[in-house]
Amino acid sequence: MKILVINGPNINLLGLREPDIYGIKSYASLLGFIQDVAAQHDVEVECMQSNHEGAIVDAIQAAYGRFDGIVINPAAYTHTSIAILDALKAVGIPAVEVHLSNIHERETFRRISYVAQACDKTFAGMGFEGYALAIRYLVGQEE
Ligand code: CA2
């Protein structure tokens, strides 16, 4: 099984600011965590991060026929991007949405997720563990 993990804008800054919201660990440590989880489940995982909406749309389109699942934290684009929603719908690859923080307990503008409409499941407010739960969810769907 092959899973594409997509992280959106500013996730590469993890650990540098707002540790009370996003934790103290770096983006590099998130990548290590994800690869450890993937190895435990004998899954191949590719990770990408972009600050650009179009690059995320391109990555989703390119995943068609290459990946069996997508784990996506679209970051701020969660709350704005119909383009990412449409791309996820278009490829039809099983997708799970992840947020490090609990978007439902923050500012009201974070409560709306467009991408959720194209995702089978959302894990929010669980930090890195949300990515593990998302990978396990996709593995469970395939079995
Ligand atoms: O909780 C999440 O994972 C979010 O997707 C993170 C986004 C935010 O816009 C979403 O509402 C919820 C922001 C990611 C910004 O990450 C930073 C990391 C370090 C320093 C500053 C920002």
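**Ligand and pocket**

Colleague: How far is an oxygen atom of the ligand from an N or O atom in the side chain of His79?

Modeller: This is a predicted model, where local features need pLDDT of at least 70, side-chain atom pairs count only at pLDDT 80 or more, and totals for chains, interfaces and linings use all residues. Residues are numbered from 1 along each chain as its sequence is written, and side-chain values use heavy atoms, without hydrogens or water. A polar contact is a pair of N or O atoms within 3.5 Å. For the His79 side chain and a ligand oxygen, the distance is 2.7 Å.

Colleague: How much of the ligand's accessible area does the protein cover?

Modeller: Accessible areas come from the Shrake-Rupley method with a 1.4 Å probe. On its own, the ligand has 510 Å². The protein covers 94%.

Colleague: Which residue has a polar side-chain atom 2.8 Å from an oxygen atom of the ligand?

Modeller: Asn10 uses a backbone N or O atom, 3.4 Å from a ligand oxygen. The 2.8 Å pair involves the side chain of Asn73.

Colleague: How do the residues of the shell around the ligand divide?

Modeller: The ligand is surrounded by 17 residues (a heavy atom within 4 Å). Among the closest are Leu100, Ser101 and Arg110. The shell has nine nonpolar, five polar and three charged residues.

Colleague: How much space lies in the largest pocket?

Modeller: The ligand sits in this pocket, with more than half of its atoms within 2 Å of the grid points. A pocket is an open set of points on a 1 Å grid where a 1.4 Å probe fits, with protein on both sides within 12 Å along at least five of seven lines. The space is about 410 Å³.

Notes
A polar contact is a pair of N or O atoms within 3.5 Å; within protein, one must be able to donate a hydrogen and the other to accept it, and residues adjacent in sequence count only if both atoms are side-chain atoms. On a 1 Å grid over the protein atoms alone, a cavity is a set of points where a 1.4 Å probe fits but cannot get out, and a pocket is an open set with protein on both sides within 12 Å along at least five of seven lines; lining residues have an atom within 4 Å of a point. Ala, Val, Leu, Ile, Met, Phe, Trp, Tyr, Cys and Pro count as nonpolar, Asp, Glu, Lys and Arg as charged, and the others, Gly among them, as polar. Grid points are joined across faces, edges and corners, and a volume is the space filled by probe spheres set on the points.
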